[in-house]
Amino acid sequence: MSGPGVRRSTWAALRARRRALGRLAAWSAVEALPALLGGVFVARAVDRGFLAGEFGTGLAWLAGLAAAVLVGAAATGQVYRSLGAVVEPFRDELAARVVRGALHDATRAGGRADSATVARLTHQVEVVRDTFGGLLLVVRGFLFTAGAALLGLLALAPPLAGAVAAPLVVGLAVFGASLPAMVAHQRAQVTAGERLGRSAASALAGHRDVVACGAQERVVSDVDRRVTAQADAERTLARMAALRSLSLGVGGWLPVVVLVLAAPWLVRQGLSAGAVLGALVYVTTGLQPALHAVVQGVGGGGLRYAVTLGRILRTSPPPGPDLPPPTAPPSRPAAVPSPPVAAVPAGPSPVAAVPAGPSPAAAGPAPWAAAVGDPPAVALRGLTFRYGPHARPVLADLTLTVAAGDHLAVVGPSGAGKSTLAALVAGLASPESGTVHLAGVPVDGTPPEALARLRVLVPQEAYVRTGSVGDNLRYLHADADDATVLAAVRTLGAGPLVARLGGLDAELDPAALSAGERQLVAAVRAYLATAPLVILDEATCHLDPTLEATVEHAFARRGGTLVVIAHRISSATRARRVLVFDGDRPLVGSHDDLLTRSTTYRELVGHWEDVTPPDRVPLGRP
């Protein structure tokens, strides 16, 4: 019914509690007394009591049956107590395993906390606990109740026992043969639901990029495909319920039909009316309910148990010798592919040394290489933006020109308006006043598809979707061949990450990537894009300084224009020009120039260089 890991864990839990299981079996046998004695006592009450004119004798036999029912009811309380002694320790073991696995992942080198641990502890472990207890109840109930009913039938009328047992076995065989398919379809339904959730969450997280790139139809189509897949899985799972009904019909109701139709013949053969009635009691109050409970319990809760426990075992491997030592992630985490060309804030990804290999842009002159007379890559005129009608302007009457082929770093304190500027340039936000032109094209009124051909924005929170590694990297350049993609991977220092993931054809699990790894994937994707303007909005904040430098140098050599919303001041030292938000008056200049002109810039640099502006000679110096 389940994978080997689930079977192994289940049998290990049962073997570890053999004594509690023994008590459970003993009380289950007592609980099954009414099923064992019911048919015989009813037959005696009818044949020797009521039909024989001995009313008191009939009542006495029924009183004996009532006493057996009371004894069975008393045993039921002990059954549940014994059941808890088996189930609760198993639940505690699973909870401890989940916690150990989460701590192991969070504290290993390069590890990270997994928020899904809370769901596993609060939901999945409880699902396993409830379904495990339910399975024990229905399986042991079927074994003892059905076994007692068959024994009673055998004692009452041996031929009837065979006639009833045959369809029961056939019904169980039908159900058992359908179980593997049921498990597979249940797992497919769970997987389809998870894929739909991931797809919808990714689309929501990257909605700004999706709109900016005009990729709404593509994303809606992808989510729609996931919705259809889940609906198909649900329908298939629902159809499997017909097999449960078939097994119940064959094993539970066919014996009743056989007994009713054969009753006249059985009486003519010498079987008493009481015996026929007793046989019906065994079938309708013993075998049929027991079969129904086990089919519904195993076919419902059993499938949830197998799938949920399997997920816990996969996501929370046991510590110790059975757990392979965690492999530390490469020194440069990889990135999640970012959504279509426009942006959500992106952060740096881990940095790796620049591997050898030509960059895609190096294969020949870029189609957007700057030429004399080209319009500026970015032209801002009188730009003003505020987040509310009465709020203080984040940007006020800003005018800025970025020439084609330039490399500009934007620095300033948190909240100064750097990311707002990136959103305005990319066309993701509209200014209160002023204009934004990209390569001479006004951003206002230009369709997202056209803007996507002019610029690509890599945000701090990089976007990665399910699919292959290659699909993620080609997200903005679907026609790029493997050689071009691999060249970009090497140029940006993402080779170790792609190798660890299994190459371009390997399936990518976004949840398995660190923030830096997602940023690195997004950086490669943007590098492959055909847009001439690249805006890195703190897109390397989760990368180490070396890999960050590798990424920025790669984009600087790529051709086209580069605007970096800097996370580290080192980004400014690599740029040709720097825009610093110095109070209410942004300043533009080179690194050395701004060290002498801007107090804010000197503070950001952190006095890495002992440079004193000519108008601020400290006291005590000549």
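Colleague: Looking at contacts in the protein chain with a separation of 6 or more, what share comes from residues 24 or more positions apart?
Modeller: Bear in mind that this is a predicted model. A contact means heavy atoms within 4.5 Å. For contacts with a separation of 6 or more, the share that joins residues 24 or more positions apart is 78%.

Colleague: What percentage of the residues in the protein chain count as buried?
Modeller: The chain has 19 helices and 12 strands. To count as buried, a residue needs a relative accessible area under 20%. Of the 622 residues, the part that passes is 47%.

Colleague: Let's pick a strand, then. How many residues of β10 are buried?
Modeller: β10 covers residues 561-565. T561, V563 and I565 point one way from the strand, L562 and V564 point the other way, and all of them are buried. That makes β10 mostly covered, with a buried count of five of its five residues.

Colleague: Which residue of β10 is the bridge partner of H407?
Modeller: Strands can pair through backbone hydrogen bonds in a parallel or an antiparallel way. β3, residues 407-411, pairs with β10 in the parallel sense over four bridges. In β10, the partner of H407 is L562.

Colleague: And which residue of β10 is the bridge partner of L533?
Modeller: Here the strand to look at is β9, residues 533-537, which pairs with β10 in the parallel sense over five bridges. Follow L533 across to β10 and you land on T561.

Colleague: Which helix joins β9 and β10 in making a β-α-β unit?
Modeller: We already have the two strands, paired in the parallel sense. The unit they make with the helix is right-handed, and the helix, residues 545-558, is α16.

Colleague: Are α15 and α16 roughly parallel or roughly antiparallel to each other?
Modeller: Their axes come within 11 Å and cross at roughly 10°. Where they meet, α15 brings L520, A523, A526 and Y527, while α16 brings L547, V551, A554, F555 and R558. Angles under 35 degrees count as roughly parallel, so α15 and α16 are roughly parallel.

Colleague: α13 packs on α15 too. What do we call the direction of α13 relative to α15?
Modeller: α13 is residues 482-491 and α15 is residues 515-528; they pack at about 125° with their axes 10 Å apart. That angle makes α13 oblique to α15. The contact uses T484, V485, A488, V489 and T491 of α13 together with V524, Y527 and L528 of α15. The crossing is right-handed, and the word for the direction is oblique.

Colleague: R474 sits in the loop between α12 and α13. Is R474 buried or exposed?
Modeller: Leaving out residues up to four places away in sequence, R474 touches A480, D481, D482, V485 and L504. Its relative accessible area is 16%. Since the cut-off is under 20%, R474 is buried.

Colleague: Which strands stand at the edges of the open sheet made of four strands?
Modeller: The order in this antiparallel sheet is β2-β1-β4-β5. An edge strand has a single partner strand, so one side is left without a neighbour in the sheet. Those edge strands are β2 (395-402) and β5 (441-442).

Colleague: Inside that sheet, which residue of β4 is the bridge partner of L380?
Modeller: β1, residues 378-385, and β4, residues 433-438, run antiparallel and are joined by five bridges. The β4 partner of L380 is V436.

Colleague: Which helix packs on that sheet?
Modeller: The helix touches β1, β2 and β4, and its direction makes about 120° with that of β1. This helix, residues 418-426, is α10.

Colleague: What is the phi of E538?
Modeller: Most residues other than glycine have a negative phi. E538, in the loop between β9 and α16, is a residue other than glycine with a positive value. E538 is also buried, with a relative accessible area of 17%. Its phi is near 50°.

Colleague: How far apart in space are R568 and E548, C-alpha to C-alpha?
Modeller: R568 is in the loop between β10 and α17 and counts as partly exposed at 22% relative accessibility. Among the residues R568 touches are T540, D544 and E548. In sequence R568 and E548 are 20 residues apart, and in space the distance is 9.4 Å.

Note on methods. Residues numbered from 1 in each chain as written. Predicted model: local features only at pLDDT ≥ 70, side-chain atom pairs only at ≥ 80, totals over all residues. Heavy atoms only, no water. Buried < 20%, exposed > 50% of the residue type's maximum accessible area, 1.4 Å probe, protein only. Pairing = 2+ DSSP bridges. Right-handed = clockwise from strand over helix to strand, strands pointing away. Axes fitted to C-alpha atoms, helices over the stretch in contact; angles between N-to-C directions. Parallel < 35°, antiparallel > 145°, perpendicular 65-115°, else oblique. Left-handed = near helix turned anticlockwise from the far one by under 90°.
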